[in-house]
Amino acid sequence: MRTLWLSLLLSAALAAICGQSFAGETRAAQILDRFEHANQWRDHVMIAAHRAGSMQARKTLYAENSLAAVGGSIAIGAEIVEVDVRRAKDGEFVIMHDSWLDRTTTCRGEVVNYTLAELKKCRLVIEGTGAVTNETVSTLREMLLATRDRILINLDNKLEVTDLPGMIAVARDLGMADQVIVKENLWNRQRIDAARTALAQAGGGFEFMPILADDAVHDAAFAGEVDKAFAPRAIELINWRNGAETLTATGGPLFSNRMRAEAARGDWHLWADTYAIVNKPGGFLAGGRGDELAVAASLPREAWGFWVDRGATIIQTDEPKAAIEWLTANGYRVPYATDIKPAEPAHTASIN
């Protein structure tokens, strides 16, 4: 009897401890668990909002790479925001896709020719409408603070691979290196070695995601080499569409059965890109099966559904809300815990 009581007391204590831990778990921690355990979550498709997620239904709602866009992506349930990192003239890491300021801000000229103080005078512009917001160019630190504990952040390095350690240092200083995913294009052994050297200097505790494109990588065996070198939790796979060719029927060599086997063996996600690129054919990174097909042509099954059928468990898109709604309606999303720690309100930008 005494043994039974001790067993019950121990079980209750463990349940209380686990309950306290779970109740205090942030949304980012729950997302990270799914990101780090691909084989356990292959029934759930995660959504990465491209350039922080500025669009809905082909309409640009926020300035790209803005804090307001991040808040919008968190509100609709995206798991990852992707942002682009450059340097100001005085060395500060800033969030900006283009090397020039002209398209997305009220300023003109190259980012690298502006100090941070000067960039802070540039206001972000909503592409398409031309509306000027009250937001200025964000620093990497400001962007990280906006995402902390609420969503994972994918840093697209627009600099050199040797700049990665500096970016990680900023995240580590904020105590959130584990919420950061950095990525680099890999296409041969030399590129693998360069990335390994840079990442070794950055230390551990963050996520590294290789990018493989089928113009240079034609066999899943290379993904096996990458897996041995980095043990990634996801690999971004690009299926190029050249010109106006017909839609891909197979997903190309990088979405083959062998690649799915490599992913299962390595316990990593297949990440597909369906977002649009200006002045390029629709679905340029997705064999024609991109956001245009899903939203403009109202054929989400032929776009997002196609990549899910070929093993993708993360989709980077310009249409995060529509993608989440379609995936949820078709059984590709598993709800997160209801007792998740509430996120702080998003920082939003007003429009003149």
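In this report, a residue is called buried when its relative accessible area is under 20%, exposed when that value is over 50%, and partly exposed in between (1.4 Å probe, protein chains only).

## The overall picture

What you have here is a predicted model, in which local features need pLDDT of at least 70 and side-chain atom pairs count only at pLDDT 80 or more, while totals for chains, interfaces and linings use all residues. Residues are numbered from 1 along each chain as its sequence is written, and side-chain values use heavy atoms, with hydrogens and water left out.

The protein has 12 helices and 13 strands; these are DSSP runs numbered from the N terminus, with helices (H or I) of at least four residues and strands (E) of at least two. Of its 352 residues, 52% are buried. Taking contact to mean heavy atoms within 4.5 Å, residues 24 or more positions apart account for 69% of the contacts with a separation of 6 or more.

Let's look at E8. Leu152, Asn154 and Asp156 point one way from this strand, Ile153, Leu155 and Asn157 point the other way, and all are buried. With 6 of the 6 residues of E8 buried, the strand is largely enclosed by the rest of the structure.

Which strands pair with E8? Strands count as paired if DSSP finds at least two bridges between them. Strand E4 (residues 80–87) pairs with E8 in the parallel sense over 6 bridges, and Val81 has Ile153 as its bridge partner in E8. Strand E9 (residues 180–185) also runs parallel to E8, over 4 bridges. E8, helix H6 (residues 164–173) and E9 make a right-handed β-α-β unit; right-handed here means that, with the strands pointing away from the viewer, the path from the first strand over the helix to the second runs clockwise.

## A closer look at Asp156

Asp156 belongs to strand E8 (residues 152–157), and its relative accessible area is 15%. It stands opposite Lys183 in E9. Leaving aside neighbours within four places in sequence, Asp156 is in contact with Glu82, Val83, Asp84, Val85 and Lys183.

## Helix H5

In helix H5 (residues 140–147), the buried residues are Leu140, Met143, Leu144, Ala146 and Thr147. They cover an arc of only 160° around the axis, which puts them on the same side of H5; the arc is that of the directions from the helix axis to the C-beta atoms.

The buried residues of H5 pack against helix H3 (67–76), E4, strand E5 (93–95), E8, H6 and E9. Just after H5, Asp149 takes a positive phi of about 70°.

## Aromatic rings and charges

Rings of Phe, Tyr and Trp (its six-membered ring) pair if their centres lie within 6.5 Å; planes under 30 degrees apart count as stacked, over 60 as edge-to-face and the rest as tilted. The whole structure holds 5 aromatic pairs. In one of them, the rings of Trp240 and Phe284 have centres 5.1 Å apart and planes at 65°, so this pair is edge-to-face. Because both residues lie in loops, Trp240 between strand E11 (234–238) and helix H9 (257–266) and Phe284 between strand E12 (269–273) and helix H10 (291–296), the pair ties together parts that are 44 residues apart in sequence. Trp240 is partly exposed at 25%, whereas Phe284 is buried at 15%.

Ring pairs also link Phe255, Phe306 and Trp307 into a cluster. A charge sits over a ring if NZ of Lys or CZ of Arg is within 6 Å of the ring centre and within 35 degrees of the ring normal. The charged end of Arg310 sits over the ring of Phe306, 3.7 Å from its centre, and that of Arg34 sits over the ring of Tyr336, 3.7 Å from its centre.
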